[in-house]
Amino acid sequence: MTSLTLAIIIFAYLLGSISSAVLICRLLKLPDPRSAGSNNPGATNVLRIGGKKAALAVLLADMLKGTIPVWGSYYLGVDSLMLGVIAIAACLGHMYPIFFHFKGGKGVATALGSVAPIGLGLTGLIVATWLAIVVVFRYSSLAAIVTVLLTPFYTWMVRPEFTLPVAMLCCLIVLRHHQNIRRLFEGTEPKIGQKQSSSS
């Protein structure tokens, strides 16, 4: 690992640590997403407490936290495995932000932003899968889990050299959803548009 790559990994984590949900909610004078709704500082929870426009702003900002370091590293000639590590660093920053007491989100939007530079075709497949699961089942977490499980396969079809780093990233996202997986099996996971207790 070169000193440049190490510096980018640190930068990716620090950029990921900027909580878009918290900052946008403060700007719009909305409740703190860490203590309202599902207590998760992510776009889905901001949708619950602040509406579509606030959620869209959070989604785009969270995606950029993954896109900027990965895309920049790609053009600097960083190899595919290290690109995966950089993407993971950005997602870890989002999940465990040093600037916000290590209380972060699930990393789905940041992961999507990290994968997006691989190609529009792959991004389209990922988004279409997520939307299809949401429309049919109305569970945001289920859509995220199914999508990240399929993403390595999609990557293998489109750009096989990125399959391993994408699979590493997807494993991290699935592990971060362990509580959602438990609630899905228990039948207590809230659907999109359904109120969620603060303990969930």
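Q: Which helix gives the most to the lining of the largest cavity?
A: This is a predicted model, where local features need pLDDT of at least 70, side-chain atom pairs count only at pLDDT 80 or more, and totals for chains, interfaces and linings use all residues. Residues are numbered from 1 along each chain as its sequence is written, and side-chain values use heavy atoms, leaving out hydrogens and water. Helices are DSSP runs (H or I, at least four residues; strands are E, at least two), numbered from the N terminus. With four residues in the lining of the largest cavity, the helix that gives the most is α5.

Q: How many cavities of 30 Å³ or more does a search of the whole structure find?
A: Rolling a probe the size of a water molecule over the atoms shows where empty space is left. A cavity is a set of points, on a 1 Å grid over the protein atoms alone, where a 1.4 Å probe fits but cannot get out. At 30 Å³ or more, the search of the whole structure finds one.

Q: How much space lies in the largest cavity?
A: Grid points are joined across faces, edges and corners, and the volume is the space filled by probe spheres set on the points. For the largest cavity, that space is about 160 Å³.

Q: Which residues that line the largest cavity are the closest to its centre?
A: Lining residues have an atom within 4 Å of a cavity point. The largest cavity has 15 of them. Closest to its centre are Val70, Leu83, Ser114, Ile118 and Phe162.

Q: How many charged residues are in the lining of the largest cavity?
A: Ala, Val, Leu, Ile, Met, Phe, Trp, Tyr, Cys and Pro count as nonpolar, Asp, Glu, Lys and Arg as charged, and the others, Gly among them, as polar. Helices α4, α5, α6 and α9 (163-176) each supply at least two residues of this lining. By class, eleven lining residues are nonpolar, three are polar, and the number of charged residues is one.

Q: How many salt bridges does a search of the whole structure find?
A: Side chains of opposite charge can pair when their charged atoms come close. A salt bridge is a side-chain nitrogen of Lys or Arg within 4 Å of a carboxyl oxygen of Asp or Glu. Across the whole structure, the number of salt bridges is five.

Q: Is lysine 65 buried or exposed?
A: Lysine 65 meets aspartate 62 in a salt bridge, 3.4 Å from N to O. The two sit three residues apart in helix α4 (residues 52-75), so about one helical turn separates them. Buried means under 20% relative accessible area, exposed over 50%, partly exposed in between (1.4 Å probe, protein chains only). Aspartate 62 is buried at 2%, and lysine 65, with a relative accessible area of 4%, is also buried.

Q: Which residue forms a salt bridge with arginine 34?
A: Arginine 34 is buried, with a relative accessible area of 13%. The closest N and O atoms are 2.8 Å apart, and the partner is aspartate 32.

Q: How far apart are the closest N and O atoms of arginine 159 and glutamate 161?
A: Arginine 159 is partly exposed, at 25% relative accessibility. Glutamate 161 is partly exposed too, with a relative accessible area of 41%. They form a salt bridge, with the closest N and O atoms apart by 2.8 Å.

Q: Which helix supplies the largest share of the nonpolar patch?
A: A nonpolar patch joins side chains (Val, Leu, Ile, Met, Phe, Trp, Tyr) within 5 Å, from residues with over 30% relative accessible area and no salt bridge. Areas come from the Shrake-Rupley method with a 1.4 Å probe, and only the protein chains shown count as cover. This patch has about 1,000 Å² of accessible area together, and its members include Met1, Leu6, Ile10 and Tyr96. The largest share, three residues, comes from helix α1 (residues 3-16).

Q: What is the relative accessibility of tyrosine 96?
A: Tyrosine 96 lies in the loop between α5 (80-95) and α6 (108-115). It counts as partly exposed, with a relative accessibility of 39%.

Q: What is the phi of lysine 29?
A: Most residues other than glycine have a negative phi. Lysine 29 is in the loop between α2 (20-27) and α3 (43-50), and is exposed at 77% relative accessibility. Its phi is positive, at about 60°.

Definitions and conventions
Patches are made of residues with over 30% relative accessible area and no salt bridge: like charges are joined within 9 Å, nonpolar side chains (Val, Leu, Ile, Met, Phe, Trp, Tyr) within 5 Å. On a 1 Å grid over the protein atoms alone, a cavity is a set of points where a 1.4 Å probe fits but cannot get out, and a pocket is an open set with protein on both sides within 12 Å along at least five of seven lines; lining residues have an atom within 4 Å of a point.
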